[in-house]
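This report covers a single chain.

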Amino acid sequence: MPVVTIESWPVEKEKKAELIKKITEVFISLGIPAQAVTVIIHETELANWGSAGEQHSIKFKDLKR
């Protein structure tokens, strides 16, 4: 029973269903039944995420989400 965990910035509600469906489809193509696949999305606000010493809320302030 695969469990896929996605660590991401906030994702638009409309995109979450698509993301879950497409990830599940990958496992279906490998012969694993959809009922066995679990997808968990953990969202972290940009202010709580950083890389290279810079907070992502600043680094990506112009990013259109």
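Is H56 buried, partly exposed or exposed? The model is a predicted one, and in it H56 is buried, with a relative accessible area of 5%.

## H56 and its surroundings

H56 sits in helix α2. Neighbours within four places in sequence aside, H56 is in contact with W9, L46, W49, G50, S51 and K61. Two of these contacts, W9 and W49, are also members of an aromatic cluster.

## Aromatic cluster

Two aromatic pairs turn up in a search of the whole structure. In one, W9 meets W49. Their ring centres are 6.2 Å apart and their planes stand at 80 degrees, so this pair is edge-to-face. W9 lies in the loop between β1 and α1, and W49 in the loop between β2 and β3 (50-51), so the pair ties together parts that are 40 residues apart in sequence. W49 is partly exposed, at 28% relative accessible area.

The other pair joins W9 to F60. Here the ring centres are 4.8 Å apart and the planes are at 50 degrees, so the pair is tilted. This pair also links distant parts of the chain: W9 is in the loop between β1 and α1, F60 is in the segment after α2 (56-59), and they are 51 residues apart. F60 counts as partly exposed, at 28% relative accessibility. Through these ring pairs, W9, W49 and F60 form a cluster.

## Helix α1

Helix α1 covers residues 13-29, 17 residues in total. From first C-alpha to last it reaches 25 Å, close to the 24 Å expected at 1.5 Å a residue. Which residues of α1 are buried? I23, T24 and F27 are. Seen down the helix axis, the buried residues of α1 fall within an arc of 100 degrees, so they line one face of the helix.

E14, K21 and S29 are exposed on the other side of α1. The cover over the buried residues of α1 includes β1 and β2 (38-43). After α1 comes G31, whose phi is positive, near 90 degrees.

In soluble globular proteins, nonpolar side chains tend to be buried together. Here the largest nonpolar core has six residues: V4, I6, I23, F27, V37 and V39. The elements giving two or more residues to this core are β1 and α1. I23 is in contact with V4, I6 and V39, leaving aside neighbours within four places in sequence.

## Salt bridges

How many salt bridges does a search of the whole structure find? It finds two. One is between the side chains of E43 and K16, at 3.0 Å from N to O. E43 lies in strand β2 and K16 in helix α1, so the pair ties together parts that are 27 residues apart in sequence. E43 is partly exposed, with a relative accessible area of 37%. K16 is partly exposed too, with a relative accessible area of 24%.

The other salt bridge joins E18 and K22, with the closest N and O atoms 3.2 Å apart. E18 and K22 are four residues apart in helix α1, so about one helical turn separates them. E18 is partly exposed, at 37% relative accessible area.

## S8 in strand β1

S8 belongs to strand β1 (residues 3-8). At 17% relative accessibility, S8 counts as buried, because the cut-off is under 20%. Residues up to four places away in sequence aside, S8 touches H42, E43, T44 and W49. Of these, E43 is the salt-bridge partner of K16, and W49 is the ring partner of W9.

## A52

A52 lies in the loop between β3 and β4 (54-55). Is A52 buried or exposed? A52 is exposed, with a relative accessible area of 81%. The phi of A52 is near 55 degrees, a positive value in a residue other than glycine.

Notes:
Residues numbered from 1 in each chain as written. Predicted model: local features only at pLDDT ≥ 70, side-chain atom pairs only at ≥ 80, totals over all residues. Heavy atoms only, no water. Buried < 20%, exposed > 50% of the residue type's maximum accessible area, 1.4 Å probe, protein only. Contact = heavy atoms within 4.5 Å. Expected span 1.5 Å × (residues − 1). Arc of directions from axis to C-beta. Phe/Tyr/Trp six-rings, centres within 6.5 Å; stacked < 30°, edge-to-face > 60°. Salt bridge = Lys/Arg side-chain N within 4 Å of Asp/Glu carboxyl O. Core = buried A, V, L, I, M, F, W, Y, C linked by side-chain atoms within 4.5 Å.
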